[in-house]
Amino acid sequence: MTDRKGTPLVELKDIAISFGGIRAVDHVSLDLYPGEVVGLLGHNGAGKSTLIKILSGAYQKDSGEIRINGEPAQINSPIDARHYNIETIYQTLALADNLDAASNLFLGRELTNALGFVDDAKMESETAKIMARLNPNFKKLKEPVSALSGGQRQSVAIARAVYFNAKILIMDEPTAALGVHETAMVADLIQELKKQGLGIFLISHDTREMMDLCDRVAVMKNGKLVGSERVEDVTEDDILSMIILGKNPKAAA
Amino acid sequence: MTDQTTDTETKSAEKAGLVSRFFKETELDTRLLGMIGALALIWTGFHFYGAIFNGFGAFLTPRNLWNLSVQTASIGIMATGMVLVIITRNIDLSVGSVLGFCAIVMGVVQVYILPQYLGLGHPMIWVIAVVVGVICGAFIGAFHGFLIAYGSIPAFIVTLGGLLVWRGAAFLVARGETISPVDPTFALMGGGPYGAIGATGSWIVGILGCAAVLGMIALGRRNRRVFHIEQRPVWAETFLAIVGCGAVIGAVLLVNAYPWPRGIVKRYAEQEGITVPETGLFISHGFAIPVLILIGVAIFMTILMSRTRFGRYVYAIGGNPEAAALAGINTRMMTVKIFALMGALTGLSAVVASARLGSATNALGTLDELYVIAAAVIGGTSLSGGVGTIYGAVLGALVMQSLQTGMVLIGFDAAIQQIVVGSVLVLAVYLDILYRRNSK
C-alpha cells in the first residue's frame, strides 16, 4: 500500500481557471504521493482535463498554488512542466501524424550530434529500444505515425512520457482507443511505474477500470471537486453517485 | 527477433516483384522519379514538336538548357522558402511585390547612395547592396510573420495586403523610375557570359558534387553500421553513386558545351589582347552564378529541413500545431522565423532578378508569387500542411520554367501559354492527390 506520509509529490491548492466566465476549475485542491495512482473521474466537461492541463503547462491557472516536492512551482508552459519531470499522455495523443515514431518521441527534445544537427540514427535506435520494452510487436519505426494502428499510436505516446524518466505522469484516457490486450498492457505498465515510485494521475470514464488501477479516486463535477476517496473505502456505486449526483455519500452519512 | 523481421521483409519484397524491390532497396522516392519523368517528357516533347513543325528542335540544346537554368534560379530560390510557409499551413502572396521592393531598395542603395560615399565601382558596393536587400526582405517577412502569429490575422490576408502595400511602396521609393545600371559586380549574379564560372570552375564544382554524393553514401553506411540498422545492398549503393555522379558530370558537360557568343568573345579578346584564330575561340560559359546561388540555397535549405531542430519543428507544426505547442515548441516564434526566412530568400531572389535585368524597376517580380506557389505545389508540397520537400520545389520551379520556355520556343502566343500553365498546375495537383490516395 502506498505510504501517504511525508511530502506529497504534487500538491494542487485552490486551483481555479475560467474561460469566458465559465469556471472550468473552481478552487480544487488535490495531492499525489510517490508510488500512488490517483484517478480523476467525472462527466465530460467536469474539468478533469482542464485541471490536468494546468499541471502539464498547457493552460495557465488564474489562481491557486502548485507545489512539487513541497516547493512552490511555477508552471507556465509545457517546458516548465518538463523541468519538474512531469510528463503527459494526452487524450488526443498529441502526435504529429506526418512524422515517424522517433521524431514524435523526441519532439521538442531532439538528440543532436556534436555539430548541433539532429541525430536521426541515434533517436531511431533509442526508439527501437524503448518500444521493444513497451510493445514488442512494434516494427514500423520509419513510417509516419498516421500509418499506425490506434494501439501503436498509443504506445508511441506512452513511450514519449516514459522515456524521459518522468517522476509525475499524467495519463488522460490512456486506454480509450485500445483493445483488450493493449489495455492489459497499459495496466501492467502502470503497476511497473508505480513500483518505481512514480506518481500517476489517471483520467478515465471507466469506473471499473479505475477501481482496479488506482489507489485513490477523485471525482469532479461542474469544475468542483466532489471528493477524493481511497478505493478500498468506497464501492463502485458510491463513485457513480458522486459522479452523477455530485454528492459524496460518505460525507453525507 | 531481428532475424525474424529480416526474413519477413525479404519475403514480402520478393513477392512484390523486382521493380518494387528496386525502389525499396534504393529507398528512392517514386514521386521524385515521377517528376523527373514528367520533366523528361516536357523537354523531349518540346524538342520534337519544334523539330517536326518548325524544322528545328531548339529545346535540347546546351544554349537553351543553360538559359533555362538561369531563368529557374529566381523562382527556385523563393520556392524553397515557400515550402516552409505552406508546410506550416500558411501562404505568402506577397513575395512578388516584396521582390520588387527589395530590388528597388538595392537599386537606390547601389546607384544613388553608395557611389556618393565610396566612389563609383567600389568593390564593397555589391556586398552592401546584397546585404541590404536580404535584410530588407527578412524584416518585411518577419513583420508579416509577427502580424500572423501574434495578431492572429490569417496569412492569406496579411500577405494579400502585403502584395498591394509593397508594390506601391516600391513605386514610391523611386517615384516609378527605372534605376540603372546596377553595379557591374552586382550584375554578375544575374548570369550572362561574364556571370558564369567557366569550364575549369565548373569542373571543380562537378568534382566537389561527385565527392559529396560519394561522401553521403559512405556516411549513410557508417551511421547504419553504428546503430545496427540494416545496410542497403551494395548494388543499390553502387547504382545511386553512378546515377548521382553521372547527373553531376552530365550537367558540367552540358554547361561547358555552351560557348560564349562571337561578339562577346571578340570584345573579351580585344580587352585581354588575345588574337582570335580563324575558327573562332571556344570559351565555355560553365555554371551560371545565379544557378550556383540556387544550388547553394537548395543545399542549405535541405540541411535546415532534414538535419536541424528548426526543420523538424516546421514539419511538426504542419502535421499537428497543437501537438507541437504541447511539445514545448514556440509555434508563434516559429511562424515569425519562417516568414523572415521567406523574406530573406525573396531579397536574395531580388538580387538575381535585378542583376539579370541590369536594372531595378518597381514592376520586377509581378505575378512571381503565383509561380512560386505553383512551383512548391507542383513539387509535392501539400496545402493541407505537413508535407513538402526542398528538392521537389526546385524541380517544380524547373517544370514551370520549362513549360514557359518551351512554349516561347515553339511560338505559342502569351494567351495560350497562360492557359497551359494554369491547366498544368491544376492537373499536377490532381495527379498528386491520386498518387497519395493510392500510396496509402
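## A partly exposed serine

A:S228 counts as partly exposed, because it has 19 C-beta neighbours inside 10 Å. A residue needs 20 or more to be called buried. The model is predicted.

Where does A:S228 lie? It belongs to strand β10 of chain A, which covers residues 224–230. Set aside the neighbours within four places in sequence, and A:S228 is in contact with A:L30, A:R216, A:V217 and A:A218. A:T7 is 221 residues away from A:S228 along the chain. The C-alpha atoms of these two residues are separated by 18 Å.

## A covered strand

Now take strand β3 of chain A, residues 37–41. How many of its residues are buried? Five of its five residues are, and the strand is mostly covered.

In a regular strand the side chains alternate between the two faces of the sheet. Both faces of β3(A) are covered. On one side sit A:V37, A:G39 and A:L41, and on the other A:V38 and A:L40.

## Partners of β3(A)

Which way does strand β8 of chain A, residues 199–203, run with β3(A)? The two strands are parallel, and four bridges join them. Within this pairing, A:V37 stands opposite A:I200 of β8(A).

Strand β9 of chain A, residues 216–221, also pairs with β3(A) in the parallel sense, over four bridges. Here A:L40 has A:A218 of β9(A) as its bridge partner. A:A218 is also one of the residues in contact with A:S228.

## Chain A as a whole

Chain A has nine helices and ten strands. Its radius of gyration is 18 Å, close to the 18 Å that the globule rule gives for 253 residues, so chain A is as compact as a globular protein of that length. The C-alpha trace spans about 60 × 40 × 40 Å along its principal axes.

Of the 253 residues in chain A, 45% are buried. Consider the contacts in chain A with a separation of 6 or more: 64% of them are between residues 24 or more positions apart.

## Two helices in chain B

In chain B, helix α12 (residues 289–307) packs with helix α15 (residues 331–357). Their axes are 11 Å apart, at an angle of about 170 degrees. Angles over 145 degrees count as roughly antiparallel, and α12(B) and α15(B) are therefore roughly antiparallel to each other.

Which residues of α12(B) meet α15(B)? They are B:P290, B:I293 and B:V297. From α15(B) come B:L345, B:L348, B:V352 and B:R356. The residues of this contact divide into six nonpolar, no polar and one charged.

How values were computed:
Residues numbered from 1 in each chain as written. Chains lettered and ligands numbered in written order. Predicted model: local features only at pLDDT ≥ 70, side-chain atom pairs only at ≥ 80, totals over all residues. Buried ≥ 20, exposed ≤ 12 C-beta atoms within 10 Å, placed from the backbone. Pairing = 2+ DSSP bridges. Contact = placed C-beta atoms within 7 Å. Rg over C-alpha atoms; globule rule 2.2 N^0.38 Å. Axes fitted to C-alpha atoms, helices over the stretch in contact; angles between N-to-C directions. Parallel < 35°, antiparallel > 145°, perpendicular 65-115°, else oblique. Nonpolar A, V, L, I, M, F, W, Y, C, P; charged D, E, K, R; others polar.
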